[in-house]
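Please look through the sequence and the 3D view below before reading on. The briefing then goes through strands, crossovers and helix packing by topic.

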Amino acid sequence: PADCAGTDAALVLVKAWQTERAAAQLAECLAPEGVALTLQNGLGNLEQMQAALGSERVALGITSQGATLVGSISYGFAGLLLVHRSCRRFFDRATSTLVAVLMWTATSVVYYMVAEPSMSHTASLFAAALFVELWLASRPTPTLRRWAVIGLAGGLVALVRLPDATFLALPVLDGLLASADARSSVRRLLARVFAFGRGAIVVFAPQMAVWQVLYGSPFTSGY
């Protein structure tokens with residue numbers, strides 16, 4: 001706050017759970033006639049800002065981006081098609097289609113496709129579905145090259161939405177179990193994990209570089 005004392009205008013772009021803290025900081029550095037403009041999604045952000053700064057010092061902005069909407073819809077349907085493809089490995093066509101349709105209509109997928117297209121959820125669906133499909137297509141004995149490709153897809157999953165990085169544990173655990181059953185050597189197992197990890201890091205490295213610039217560490221995120 002001390003570095004921005006007397007600020008005339010401020011853009012608030014933080015996550016909803018960070019709004020209270022941001023408002024408290026702005027209360028210390030915003031000029032008496034200054035205005036804070038919130039461009040956040042979600043509910044309650046405007047009210048929290050007004051409680052800390054006063055209604056006359058807070059403005060609410062709303063944007064609508066057609067290109068983002070088209071992209072969100074495209075990624076959403078692409079993800080659902082990949083889900084259907086993965087299901088077909090275990091179930092008949094009718095069951096797989098029903099799963100994809102229910103995922104679209106009975107979850108929040110349709111909401112994020114059309115109501116909140118600026119958020120990463122449908123792109124996350126696509127990335128996670130692609131990752132799972134590549135993993136399933138490679139079972140039970142993926143080559144080293146295939147492990148690297150799955151790793152690249154895993155890096156994309158984490159790059160799009162960091163909490164989804166937990167999906168990366170699936171092929172690793174599957175590979176460990178398969179190696180134990182086949183009594184594979186430790187060296188071969190480590191080579192597979194290394195190929196997977198190297199692929200993931202290659203794709204995720206730009207995000208770590210951004211964290212280094214923003215937070216002074218490649219391992220410190222905004223989550």
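The points below describe a predicted model. An open sheet holds 3 strands in the order β1-β2-β3, and the pairing is parallel.

- Strands of a sheet pair through backbone hydrogen bonds, and the pairing is either parallel or antiparallel.
- In this model the order of the open sheet is β1-β2-β3, with parallel pairing.
- The edge strands are β1 and β3, each of which pairs on one side only.
- From one strand to the next, the twist averages 20 degrees.

**From β1 to β2**

- Strand β1 covers residues 7-12 and strand β2 covers residues 30-38; the two pair in the parallel sense over 5 bridges.
- Between these strands the chain passes through helix α1 (residues 19-29), and this β-α-β crossover is right-handed.
- Which residue in β2 is the bridge partner of Thr7? The partner is Leu30.
- Further along, Ala10 stands opposite Ala36 in β2.
- Helix α1 lies across β1 and β2, and runs at about 150 degrees to β2.

**From β2 to β3**

- Strand β3 spans residues 58-60, and its parallel pairing with β2 has 3 bridges.
- One of the residues involved is Leu37, whose bridge partner in β3 is Ala59.
- The chain gets from β2 to β3 through helix α2 (residues 45-53), in a β-α-β crossover that is right-handed.

**Helices α1 and α2**

- Two packed helices are described by the angle between their axes and the distance between the axes.
- The crossing of α1 and α2 is right-handed.
- On the α1 side the contact involves Thr19, Glu20, Ala23, Leu26 and Ala27, which meet Asn45, Gln48, Met49, Ala52 and Leu53 of α2.
- Sorted by class, the residues in this contact of α1 with α2 are 6 nonpolar, 3 polar and 1 charged.

**Helices α7 and α9**

- The crossing in which α7 passes α9 is right-handed.
- Residues of α7 in the contact include Leu144, Trp147, Ile150, Leu152, Leu156 and Leu159.
- Residues of α9 in the contact include Ala191, Arg192, Phe196, Val202, Val203, Phe204 and Gln207.
- How many residues of each class does the contact of α7 with α9 have? The contact has 15 nonpolar, 4 polar and 1 charged residues.

Conventions: Residues numbered from 1 in each chain as written. Predicted model: local features only at pLDDT ≥ 70, side-chain atom pairs only at ≥ 80, totals over all residues. Heavy atoms only, no water. Pairing = 2+ DSSP bridges. Helix = DSSP H or I, 4+ residues; strand = E, 2+ residues; numbered from the N terminus. Right-handed = clockwise from strand over helix to strand, strands pointing away. Left-handed = near helix turned anticlockwise from the far one by under 90°. Contact = heavy atoms within 4.5 Å. Nonpolar A, V, L, I, M, F, W, Y, C, P; charged D, E, K, R; others polar. Axes fitted to C-alpha atoms, helices over the stretch in contact; angles between N-to-C directions.
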